[in-house]
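My plan is to look things up piece by piece and jot down what turns up.

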Amino acid sequence: MGGDGKVFTLEEVSQHTSNQDCWIVIDGKVYDVTKFLDDHPGGDEVILTSTGKDATDDFEDVGHSSTAKAMLDEYYVGDIDSATVPTKTKFVPPPSNQTQSNQNKSSDFLIKILQFLVPLLILGLALGIRSYTKTPSS
């Protein structure tokens, strides 16, 4: 492992984003992967799109083997100053509006009742008209 424990800012790392000079950040460590670009199975473009930011998620999402993870040691140049890396934001769903939910439930209930009662009223009306207009048999 090279690197002598040097600490880099994200701004310093983001100056190394070309295929002649390519650094990436994975798990808080900085790696100069320039020599590996041509050998990367996914091509150099995959790595180049992960420069200038924390590439940990990109690296982990691919599911690299333990051999690939061990290869990183060869390219280690130092650590990242975590204060210069933006924090990851997690999606927080908006709070549910209970009043609106209750209104939806009550309107759904009303619709179901009407769907049941309206046909019954029509049937009752039809039977009433039929019996009213029916002439008595003599």
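Y75 counts as buried, at 12% relative accessibility; buried means under 20% relative accessible area, exposed over 50%, and partly exposed in between, with a 1.4 Å probe and protein chains only. Before going on, I note that this is a predicted model, where local features need pLDDT of at least 70, side-chain atom pairs count only at pLDDT 80 or more, and totals for chains, interfaces and linings use all residues. Residues are numbered from 1 along each chain as its sequence is written, and side-chain values use heavy atoms, with hydrogens and water left out.

F36 is buried too, with a relative accessible area of 15%. I then searched the whole structure for aromatic pairs and got 3. My cut-offs: rings of Phe, Tyr and Trp (its six-membered ring) pair if their centres lie within 6.5 Å, and planes under 30 degrees apart count as stacked, over 60 as edge-to-face, the rest as tilted.

One of the pairs is F8 with W23, which is edge-to-face, at 4.9 Å centre to centre and 75 degrees between the planes. F8 sits in strand β1 (residues 7–8) and W23 in strand β3 (residues 21–26), so this pair ties together parts 15 residues apart in sequence. Helices (H or I, at least four residues) and strands (E, at least two) are DSSP runs, numbered from the N terminus. Both F8 and W23 are buried.

How are the rings of F36 and Y75 placed? Their centres are 5.8 Å apart and their planes at 50 degrees, so I log the pair as tilted. F36 is in the loop between β4 (29–32) and α2 (44–48), while Y75 is in helix α4 (residues 66–75), and the two are 39 residues apart.

**The two sides of α4**

Which residues of α4 are buried? I find A68, L72 and Y75. They cover an arc of only 70 degrees around the axis, which puts them on the same side of α4; the arc is that of the directions from the helix axis to the C-beta atoms. A reminder to myself: an α-helix has 3.6 residues a turn, so residues three or four places apart point the same way.

The face of α4 turned away from that buried side carries the exposed residues S66, T67 and E74. The buried residues of α4 pack against β3, β4, α3 (56–62) and β5 (76–80), where contact means heavy atoms within 4.5 Å.

**Two threonines in loops**

T34 is in the loop between β4 and α2. Its side chain is joined to that of D32 by a polar contact of 2.6 Å. A polar contact is a pair of N or O atoms within 3.5 Å; within protein, one must be able to donate a hydrogen and the other to accept it, and residues adjacent in sequence count only if both atoms are side-chain atoms. Not counting residues up to four places away in sequence, T34 touches N19, Q20, D21 and C22.

T51 is in the loop between α2 and α3. At 13% relative accessibility, T51 counts as buried. A polar atom of the T51 side chain lies 2.9 Å from the backbone oxygen of L48. Leaving out residues up to four places away in sequence, T51 touches H16, T17, C22, W23 and I24.

Buried or exposed, I asked of D27? D27 is exposed, with a relative accessible area of 55%, and its place is in the loop between β3 and β4. Its phi is near 50 degrees, a positive value in a residue other than glycine. Most residues other than glycine have a negative phi.

A55, in the loop between α2 and α3, is buried, with a relative accessible area of 3%. Setting aside neighbours within four places in sequence, A55 is in contact with V25, I26 and S50.

**The whole chain**

I count 5 helices and 5 strands, and along the sequence they follow the pattern β-α-β-β-β-α-α-α-β-α. Buried residues make up 22% of the 138 residues.

Last, I checked the UniProt record: an unreviewed entry annotates residues 109–129 as "transmembrane region". UniProt positions are given in the numbering used here, feature names are shortened, and annotations may be inferred rather than shown by experiment. In the model, residues 109–129 are 100% helix and 0% strand, with the end C-alpha atoms 30 Å apart.
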